[in-house]
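Dear colleague,

Please find below the structure that I am handing over to you.

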Amino acid sequence: MTQVLCELELIIKRVKVSTTPDGKVMDLFFITDSRELLHTRKRQEDTYNHLKAALEDSMISFEIELISPHMTFCSQASSILPHTITEEMYNLELPKEQASGAMVSHNVSVTMDNTLTPSHSLIQILCEDHKGLLYDIMRTLKDYNIQVSYGRFSTKQGKKCEVDLFVVQADGKKIADPNKRKCLCSRLQLELILPLRVVVISRGPDTELLVANPVELSGKGRPLVFYDITLALKLLNTCIFSAEIGRHAIGGREWEVYRILLDEADNLSMPRSKIEKEVRKMLMGWE
C-alpha cells in the first residue's frame, strides 16, 4: 500500500494501522496530494484502481474523505514514549572540538572557512554517503536560515562524499559570528552522524520498532520513511500488527515518531538486532 501511495505521489502524513481479533486489518492514512487533485472524482477512482490492483481480493472496503479544516496532521501524539527510550533515541554526545576548529567524529568532518572569498562562507563536509544526505544538509541550513549560493558535490569509491557549499546569511552576508559558525558545524555534524533514530524494544511480550526523525521548522517530516520501514519489514517477512505516526516535543525539538508493533507469529526466530539493523540499512540506503 505504501508503495502504491508513493507511486501516485500521495504523501503520507500520519497513519493508524490496527489488526482485529478476526484477522482483518484497518489502515487509516492521513495523506496530502502533491498534485492537489485528490478532491476530484477521477483522482480518487485512479487511487482506488491502483490499490485494488495491488491488494486484489484482500481489499474489503475503500473510502476517501476530506478532513475538516480545523484538523491537523501535526497534532501531538497521544501515546507517551518511555523515558529510557527517549534518552536512548534522542541523546548524542558530540566529540570535543579539536585544535583546528574542525569537528571530526564517526567519519564526519565539518569545517567553515571565511577567508576564501570576500562575500561567502565556505562550508566543507567530508562524510560517508547515505540516502538523503543532501536533504539532511539542506534542511539543517534551512533551519538556521542559511542560503546556499552554489556548491560542489563529489563521491569517492561510491561511499565517501565531499561537499563544498558557499553560503550566506539571510542578510546576504557571510557568517561572521564565531559562535554561530561553531553551532552550525556542530549541528551539521550531529545530523549527518545520526539523521534518524532506530530502536527495537520489548513491549511486554511483544516487539516494538521505533523510528524517529527530526521535523523541519517548516513542519515537514522526512520523506518516504514509512515506505522504507514497510519495505524492510516485508523483505524480513515480518508483519505489522499495528502502527501509528505521531509527533513529540523532546529536547527542545519536534520529532516524528513511527511506532510499529510487530506480529511475530510467523517469524519468532528473527533476532531483534537483525530487525533494527535491516531497517536502519534500508532507511540509510546502505547495502
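The buried residues of helix 4 pack against strand 5, strand 6 (147–156), strand 7, helix 5, strand 9 and strand 11. Here, contact means heavy atoms within 4.5 Å, and helices (H or I, at least four residues) and strands (E, at least two) are DSSP runs, numbered from the N terminus. Helix 4 covers residues 133–143, and its buried residues are Leu133, Asp136, Ile137, Arg139, Thr140, Leu141 and Asp143. Buried stands for under 20% relative accessible area, exposed for over 50%, and partly exposed for values in between (1.4 Å probe, protein chains only). An α-helix has 3.6 residues a turn, so residues three or four places apart point the same way. After helix 4 comes Asn145, with a positive phi near 60°.

Please note that this is a predicted model, in which local features need pLDDT of at least 70 and side-chain atom pairs count only at pLDDT 80 or more, while totals for chains, interfaces and linings use all residues. Residues are numbered from 1 along each chain as its sequence is written, and side-chain values use heavy atoms, with hydrogens and water left out.

The protein chain as a whole

The protein chain contains 7 helices and 11 strands. Of its 287 residues, 42% are buried. Among contacts between residues at least 6 apart in sequence, 63% join residues at least 24 apart. The accessible surface, computed by the Shrake-Rupley method with a 1.4 Å probe, is about 16,200 Å², and carbon and sulfur atoms account for 53% of that surface.

Strand 9 and its partners

Strand 9 (residues 206–214) has 8 of its 9 residues buried. Strand 9 pairs with strand 8 (residues 197–203) in the antiparallel sense over 7 bridges; two strands pair if DSSP finds at least two bridges between them. These two strands form a hairpin with 2 residues between them, and Gly204 in the turn has a positive phi of about 70°. Strand 9 is also joined to strand 11 (residues 253–263) by 8 bridges, again antiparallel. Glu208 of strand 9 is the bridge partner of Ile201, and Glu208 also has Leu261 in strand 11 as a bridge partner.

Lys174 lies in the loop between strand 7 (160–168) and helix 5 (178–193). The Lys174 side chain does reach the backbone oxygen of Asn114, at 2.7 Å. Residues touched by Lys174, leaving aside those up to four places away in sequence, include Thr117, His120 and Gln169.

His120 is located in the loop between strand 4 (108–113) and strand 5 (121–128). Its relative accessible area is 13%, so His120 counts as buried. Beyond four places in sequence, His120 touches residues including Asp113, Tyr150, Phe166 and Lys174.

Phe241

Phe241 belongs to strand 10 (residues 239–250). Phe241 is classed as partly exposed because its relative accessibility is 35%. Phe241 and Asp263 lie 22 residues apart in sequence, with their C-alpha atoms 4.9 Å apart in space.

Yours sincerely

Conventions
Polar contact = N/O pair within 3.5 Å; in protein donor to acceptor, adjacent residues only side chain to side chain.
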